[in-house]
Amino acid sequence: MMNTASAHCSLGFTAHFHESLRSSGSNASAIFRCGAEFVRIGLSSSSGASVCSKGCVGRICALPDIDDIFSEKTPTPILDTIESPMHLKNLSHKELKQLADDIRSELSFIRHETQKSVKGSMSAVELTIAIHHVFSAPMDKILWDAGEQTYAHKILTGRRSVMHTLRQKNGISGYTSRSESEFDPFGAGHGCNSISAGLGMAIARDIKGKRERIVAVISNESIMSGQLYEAMSNAGYLDSDMVVILNDSRQSLHSKPEDAPKTPINALSSAFSKLQSSRLFRKFRETAKGLTKKIGKGMYEWAAKVDEYARGMIGPPGSTLFEELGLYYIGPVDGHNIEDLICVLNQVASLDSTGPVLVHVITTEDKETREEKQIGISKKFNQDPYDSDPQPSNRTQTYSDWFGEALTMEAQLDKDIMVVHAGSGMGMDPSLKLFRDRFPDRLFDVGMAEQHAVTFSAGLSCGGLKPFCIIPSTFLQRAYDQVVLDVDRQKIPVRFVIPSAGLVGSDGPTNAGAFDITFMSCLPNMIVMAPSDEVELANMVATASCIDDRPVCFRYPRGAIVKSNTSVCHGVPIEIGKGRVVIEGKDIALLGYGSMVQNCLRAQSLLSELGIYVTVADARFCKPLDIKLVRQLCENHSFLVTVEEGSIGGFGSHVAQFITLDGKLDGSIKWRPIVLPDNYVEQASPMEQLALAGLTGHHIAATALNLLGRTREALLLMC
């Protein structure tokens, strides 16, 4: 039975489209979106009554979801003939356009099968085809900044048959990977690395006298990074041949993206881009340079300024920046016009000894698939069903959600609290949108500019404010120098919030936060803490807000909160360096750090069934360590196990340092650390990753049983 919204919409659709359906033939039908659902209406030629897709006369039937419409794989005749990029060489422009439709259909099917977003790759389909049509990988090196834009590349380079394993255990990576394919000359990680790596390859090529071409594809999201400009400046200075392609998908850090400036694409810009890239124009320009140099330095500099001014007048805003860095700018080019793309890239590829070239390509992420065109779904309804929803009513609340609410509550009481967010090429964390809505002037989203974010936060703090610098664990690694010299050495009270700590499931080792406990806790002035649940997270937000004499950091994982039936309350500051005992026992002590306290509690439950009484303690702080709590655990137990979701050298090492110097290891206490293995844990589901890392409740319980000499029971527990 239809819901009220569907019924209301169906009446409007029927009235509006009745005549068009009548004139369309014997059994015309159409599909329309109504709220979150799609409805199909049709017209029988014999009776004129509206008919649904199942033959129900006189009413309209709601279809459950757009992906159910596309659940049967659409034929992809051109794509089926492509086994390697070399097969693109002889395709006509018409066939290449058909191939683009085929790839979009394939990406839609992959999205349906894997439940992974493919929006970034949808925008780069024609660009990917044009690159592989013009250049000859793997001899030519094609590097990508952003893994999310590489799925079409993976499909065309022999990985189509395993795309259904994308981001799964033992499946293919969501990023480019040297170990996965010879067509991936360099691994795409967090963005911003492709020009640096490509320039290194170009210099190596020149030294060795080889002739392969180097192509680096960057995105407008990674263009916020300082490394990218460092690389472009060095490329301009070294003047080695390479092609940089800026895939500008019109994303923006502007608070209202619809108000952000757009680069126009029209016939004039297309013609000018082709002229810029043409051999004749480039030769004329180089000849003119040579002549003015002979006339004298003053004439050469004057001619260069005229050239830059003229190109700046015709090109889009900001184009002369690339020229100043030493890259010859071409663009903008329509990234969905295969003919223009191939024309420009062919011209660029045919030029010798021209130095670095930047081709500015404009794309859009909301391109329709062939199926959507056929059934006439409006673009405004063409949303990726697997995009994150900031406040979905049926979604489990996460640690990030809880943090966003707790910080907003704290900021309501303290007008000095500011937020600096960095480290994401995918936009602002949805959990911060509540804070932004309440305090739009107190949130600064700087994009993929982690180094700037840290020093900017230090400046805010020096000005008397309380900055919370939010950078995911894996991205904070980039800004470590600034953390050390600009913050910790000067004892500036910046509050580092480290989300996505530990293992991160399908994002694999690229986005995992394995090292932050180690590299933050070795700093002399840094307070390092981690909550064991969401209530402790709110308390640590309040604690960080109160600290005004030194820097502090706290980490939390991805995933759902522990106590899902509770509501966010205002945090209570914790005494610095004070842990707590959660459950009292006598046989063995489990000292957990952060989210691993929950797995210690699971281990305690398993061991209690075997008659083993376990103490579970929540360390809360890695630095300063609660030495009174550690002494108590060592004195009252024969065995101590420390558990953390971090690398060697972290929390367990601080405990070992203390109990060794305190003489506890000289006595009867036996200590065992449980940490992440000394290797990168590949992509899998979160539970599979914890099992691979030996961090589940069963693994912790088995470690305890082994310490107690009950090895047979430990083996049975792991079976």
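Is Ser595 buried or exposed?

## Ser595

In this predicted model, Ser595 has a relative accessible area of 17%. The cut-off for buried is under 20%, so Ser595 counts as buried. The residue sits in the loop that runs from strand 17 (588–592) to helix 23 (596–608).

Beyond the neighbours within four places in sequence, Ser595 is in contact with Pro531, Ser532, Pro557 and Glu645. With Glu645 there is also a polar contact between the two side chains, at 3.4 Å. Arg555 is 40 residues away from Ser595 along the chain, and the C-alpha atoms of the two are separated by 9.3 Å.

## Helix 23

The buried residues of helix 23 are Met596, Val597, Gln598, Asn599, Cys600, Ala603, Gln604 and Leu607. An α-helix has 3.6 residues a turn, so residues three or four places apart point the same way. Cys600, Ala603, Gln604 and Leu607 are among the buried residues of this helix. The elements that cover the buried residues include strand 16 (580–583), strand 17, strand 18 (614–618) and strand 20 (639–643). Helix 26 (686–693) and helix 27 (697–707) are also part of this cover.

## Nonpolar cores

In soluble globular proteins, nonpolar side chains tend to be buried together. The largest nonpolar core of this model has 48 residues. Those that touch the most other members are Leu99, Ile103, Leu107, Ile129, Ile131, Ile245 and Val359. Helix 13 (residues 338–350) supplies the largest share of this core, with seven residues. A second, separate core has 47 residues, including Phe475, Cys622, Phe651 and Phe658.

Within the largest core, Leu107 is one of the residues that touch the most other members. Not counting residues up to four places away in sequence, Leu107 touches Val118, Ser121, Met122, Val125, Tyr151 and Ile155.

## Thr157

Thr157 is part of helix 6 (residues 151–159). Its relative accessibility is 5%, and therefore Thr157 counts as buried. A polar atom of the Thr157 side chain lies 2.6 Å from the backbone oxygen of His153.

With neighbours within four places in sequence left aside, the contacts of Thr157 are Pro85, His132, Ser181 and Phe183.

Methods:
Residues are numbered from 1 along each chain as its sequence is written. This is a predicted model: local features need pLDDT of at least 70, side-chain atom pairs count only at pLDDT 80 or more; totals for chains, interfaces and linings use all residues. Side-chain values use heavy atoms; hydrogens and water are left out. Helices (H or I, at least four residues) and strands (E, at least two) are DSSP runs, numbered from the N terminus. Buried means under 20% relative accessible area, exposed over 50%, partly exposed in between (1.4 Å probe, protein chains only). Contact means heavy atoms within 4.5 Å. A polar contact is a pair of N or O atoms within 3.5 Å; within protein, one must be able to donate a hydrogen and the other to accept it, and residues adjacent in sequence count only if both atoms are side-chain atoms. A nonpolar core is a set of buried Ala, Val, Leu, Ile, Met, Phe, Trp, Tyr and Cys residues joined through side-chain atoms within 4.5 Å.
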